[in-house]
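Please find below a short note on the structure under review. The points are numbered so that each may be taken up separately.

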Amino acid sequence: MCKVPSRVDGRFRLGDPLGSGTYGVVYRARNIINDTDLAVKLEPLTNNSSSLEHEYHILKQLESGVGIPHVIWFGREATYHALALDLLGPSLHELFLTHNQKFELHTVINLGDQLLSSLEYIHSCNYVHDNIKPHNVLVGCGALEQTAFIIDFGIARECLTGTPVFASINSHLGVVPARHDDLESLVYMLIYFLCGSLPWLPKGRKKLSSSCILVRKVDTTIQVLCHGIPSEVATMLIYARSLAFSEDPDYDYLQSLLNNIHATLLPSATCSLDLSHLRDLIMHS
Ligand SMILES: Nc1ncnc2c1ncn2[C@@H]1O[C@H](COP(=O)(O)OP(=O)(O)OP(=O)(O)O)[C@@H](O)[C@H]1O
């Protein structure tokens, strides 16, 4: 790989890597003009079409949505495409591991509520995310620490499917993903946060193929999957799976199911994500 530039666009000084994915590495950076922190995602230039440029165009179109990362700049630096974004905090995956793989019910309801609204917005702009999973939801920083942000819009929805563990059954079968597939993935994620695992999740370090996960997923009844958690979650999954390809999802109905669960909580249960203490643990480790 070519040498990573120390600065991007003359003003963003790159620091440590924050994470990496299939397409590139994301660095913490400092804007030396206005002294603010940000994140810069670098993707090596190749002859292939740029996934980062694709992501940039989608983010620009989704720009004003709540829970959508804000783009600061996109361009080329040396032999890289670079996307500068507002700096966000840890992912739900990291926070979940820090919290012994269990989130409180009110936290899960709050996440479900926020992510449902963000998905409704993304879908209203004619996009399907197609890779909803705990790694792709980050909490915000500072004043936005109670907001969940959906990241990673780099997957072209027509050609690739997302991560098998959270993928909808349609997505496994190679059906072009539709809005209800994002909703199905969201419900799997909520179940995962409430139960600490999913029946098709491989144990330990073992890796399962997408086809194995699909077989296990299809073989798991909703009753078994949703055992011990509020019945509204099962209703959400039945509803998401029942939607036809081009059918408009009734987001209000799904929201009302989450509200029903919320109504059963003690008044002392906060309406916030309540993840700041975990965030601090990660930041200081
Ligand atoms: N704005 C941000 N602020 C802080 N960290 C970020 C930000 N964007 C991404 N990251 C970190 O970088 C990691 C990789 O980012 P991202 O998922 O966008 O890359 P990718 O190459 O598209 O990944 P994938 O292989 O999942 O498609 C994330 O898991 C996250 O830890």
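1. In this predicted model, the side chains of Lys41 and Glu55 form a polar contact at 2.7 Å. Lys41 belongs to strand β4, which covers residues 36-44. Glu55 is also among the residues that Lys41 touches once those up to four places away in sequence are set aside; the others are Val25, Val26, Leu52, His81, Ala82, Leu83 and Asp152.

2. Is Lys41 buried or exposed? Its relative accessible area is 14%, and Lys41 therefore counts as buried, the limit being under 20%. UniProt lists Lys41 under "binding site", and the entry is an unreviewed one. The annotation may be inferred rather than shown by experiment, and I would ask that the text present it as coming from that record.

3. Asp9 has a positive phi of about 55 degrees, although it is not a glycine. A positive phi of about 55 degrees is likewise found at Asp35, again not a glycine.

4. Asp9 lies between β1 (7-8) and β2 (12-20), while Asp35 lies in the loop that joins β3 (25-31) to β4. With a relative accessibility of 31%, Asp9 is partly exposed. Asp35, at 52%, is exposed, because the limit for that class is over 50%.

5. A nonpolar patch on the surface is formed by Leu173, Val175, Val176 and Phe245, which together have about 350 Å² of accessible area. One of its members, Val175, is located in the loop between α4 (169-172) and α5 (179-195). The relative accessible area of Val175 is 33%, and this residue is partly exposed.

6. Helix α5 contains Cys195. Which residues does Cys195 contact, leaving aside its neighbours within four places in sequence? They are Lys102, Leu225 and Ile229. Cys195 is partly exposed, its relative accessibility being 32%. The C-alpha atom of Cys195 is separated by 13 Å from that of Thr107, and the two residues are 88 residues apart along the chain.

Definitions and conventions. Residues are numbered from 1 along each chain as its sequence is written. This is a predicted model: local features need pLDDT of at least 70, side-chain atom pairs count only at pLDDT 80 or more; totals for chains, interfaces and linings use all residues. Side-chain values use heavy atoms; hydrogens and water are left out. Patches are made of residues with over 30% relative accessible area and no salt bridge: like charges are joined within 9 Å, nonpolar side chains (Val, Leu, Ile, Met, Phe, Trp, Tyr) within 5 Å. Accessible areas come from the Shrake-Rupley method with a 1.4 Å probe; for residues, only the protein chains shown count as cover. A salt bridge is a side-chain nitrogen of Lys or Arg within 4 Å of a carboxyl oxygen of Asp or Glu. Helices (H or I, at least four residues) and strands (E, at least two) are DSSP runs, numbered from the N terminus. Buried means under 20% relative accessible area, exposed over 50%, partly exposed in between (1.4 Å probe, protein chains only). Contact means heavy atoms within 4.5 Å. A polar contact is a pair of N or O atoms within 3.5 Å; within protein, one must be able to donate a hydrogen and the other to accept it, and residues adjacent in sequence count only if both atoms are side-chain atoms.
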